[in-house]
Amino acid sequence: MTGSRIVGSGSALPEQIVTNHDLAARVDTSDEWIIERTGIRQRHIAGEGETTSTLAIAAARAALADAGLTPADIDLIVLATATPDNTFPATATKVQHALGCPNGPAFDVGAVCSGFLYALTTADSLLTTGAARRALVIGAETFSRILDWEDRTTCVLFGDGAGAVVLEAPDQARPAQNGGPGVLASRLHADGAQHDLLYVDGGPSSTQTVGHLRMKGREVFRHAVVNLTNVLHEVLDDAGVCADDIDWIVPHQANKRILDATAKKLGLPAEKVIVTVDMHANTSAASVPLAFDMARRDGRIKPGDLVMFEAMGGGFTWGASLVRI
Ligand code: ACO
């Protein structure tokens, strides 16, 4: 039996665009280096007054409108972020208040770049047990606020944005038939031993500061391809389908070379990979729902398509979900 269904999506980006050329004026880098090593051409950066919650609220509103639903229809909000507006309360509660959702819990999930996979799997579990009927699942980030803008090895890689989906519980009375829409399989993993390869060097309990992102990029890259390839095979096995059956892969957008390497290991052609890293850079938990929303809206992803979501991030954490749209 399939799990909950995606019935709408939305996304939001800050207005301000920062190109590689703009960054080359600030740190010792170049458009050529960034494009060749990452595929990134530009990123959106939050301006004054724009925060993780304002982006999340805009994406959530767009997703509700797309689903043809109202805030009263939502009884669960799960928001993935590593850059909350405040240490507490959860940014999800700001979304809940701004939208005026009267029902159900609202909480944040912290799994950095794989946050959306964690949020989607958590919401799907609550919906399939009957704890809620309809969930807003959001990935929203303002990584520009935790970057060391003097560090060329990290500041060129990230951007800000938000993406959201509306997830609806399966109809218990009429379980989806094979081939019907819904989550088919999901897997999540974590390996805290790799903490030092990707982390923020501050926090309320350790330094009483927010801190800056630190990353050993080359090592993260190596782990990413191995972990993602393994989890993709696990999910395919769980769902009982083969890689050829996938219509679209919507990966976390960290680096075009990771996207290419992972697709190649699965034997998938590049045309099946949704790529937004060139326009958005790495928006952490926002990147998967942002890319999904863009590909739905431009008509590539259609009802009936089999879509694989996958991501890896700090922790390490990683995961994948296979969903029939
Ligand atoms: N401009 C110019 N030169 C640079 C820049 C820059 N912006 N950054 C680094 N360099 C230099 C380095 O100093 C190094 O110079 P050296 O050889 O003289 O020492 C050289 O370029 C090569 O550096 P590497 O780090 O080896 O370059 P690499 O090809 O590995 O690319 C990158 C770096 C883009 C960071 C890559 O390793 C990567 O994408 N890693 C994965 C990141 C990732 O997946 N993150 C996902 C999770 S993010 C999250 O969870 C928050």
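Which residues are linked with R5 in a network of salt bridges? The network joins R5, R134 and E168, a salt bridge being a side-chain nitrogen of Lys or Arg within 4 Å of a carboxyl oxygen of Asp or Glu. The model is predicted, with local features needing pLDDT of at least 70 and side-chain atom pairs counting only at pLDDT 80 or more, while totals for chains, interfaces and linings use all residues. Residues are numbered from 1 along each chain as its sequence is written, and side-chain values use heavy atoms, without hydrogens and water.

The structure as a whole contains 12 salt bridges. In one of them, R5 and E168 meet at 2.6 Å, N to O. R5 belongs to strand β1 (residues 5-12) and E168 to strand β7 (residues 160-168), 163 residues apart; strands (E, at least two residues) and helices (H or I, at least four) are DSSP runs, numbered from the N terminus. E168 is buried, at 12% relative accessible area, whereas R5 is partly exposed, at 30%. Buried means under 20%, exposed over 50% and partly exposed in between (1.4 Å probe, protein chains only).

A second salt bridge pairs D148 with R214, with 3.0 Å between the closest N and O atoms. D148 lies in the loop between β6 (134-142) and α6 (152-155) and R214 in strand β10 (residues 213-215), so parts 66 residues apart in sequence are tied together.

Helix α10 (residues 287-297) is largely enclosed by the rest of the structure, because eight of its 11 residues are buried. Among them are V288, L290 and F292. Just after α10, G299 has a positive phi of about 90°. D298 and R300 form a salt bridge at 2.8 Å, N to O.
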